[in-house]
Amino acid sequence: MEFPFNDAPNTAAITCSHVAEGHKPILYVSHDEEDGMWQFLCGKQHEESEARIVSLYSVFMLDHSIAELAGMPYGYVAERVSKETEWSIRKK
């Protein structure tokens, strides 16, 4: 699958250790309004020590279903119940 984001593949993104290490699926995605940063999280509360800075491309390689969110505007979030369910997108 071709990389679908307008951002460069090496764009910094935030994820949690659970997603980065493959223990949990991405269930919450934020495209921050303030700085355009992407966040890909498992949907749970996190300690700061669990945050990881990774490339947008590496997150895409973990889960191609985030391609559906490539055009999500700044200030929006997407959530889903499980990896098998549809994304629900809303303004933050």
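**Salt bridges in a predicted model**

I start with R52, which forms a salt bridge with E21, the closest N and O atoms being 3.9 Å apart. R52 sits in strand 4 (residues 51-55) and E21 in the loop between helix 1 (17-20) and strand 2 (28-31), so the pair ties together parts that are 31 residues apart in sequence.

A word on the source. This is a predicted model, where local features need pLDDT of at least 70 and side-chain atom pairs count only at pLDDT 80 or more, while totals for chains, interfaces and linings use all residues. Residues are numbered from 1 along each chain as its sequence is written, and side-chain values use heavy atoms, with hydrogens and water left out.

Now the terms. A salt bridge here is a side-chain nitrogen of Lys or Arg within 4 Å of a carboxyl oxygen of Asp or Glu. Helices (H or I, at least four residues) and strands (E, at least two) are DSSP runs, numbered from the N terminus. Buried means under 20% relative accessible area, exposed over 50%, and partly exposed in between (1.4 Å probe, protein chains only).

By that scale R52 is partly exposed, at 30% relative accessibility.

The structure holds 3 salt bridges. Another joins D63 and R80, at 2.7 Å from N to O. D63 lies in the loop between helix 2 (56-62) and strand 5 (76-79), and R80 in the loop between strand 5 and strand 6 (88-91), so this pair ties together parts 17 residues apart in sequence. D63 is buried at 5% relative accessibility, and R80 is buried at 7%.

Then there is E79 with R90, at 3.3 Å from N to O. That pair links strand 5, which holds E79, to strand 6, which holds R90, 11 residues apart. E79 is partly exposed at 32%, and R90 is partly exposed at 40%.
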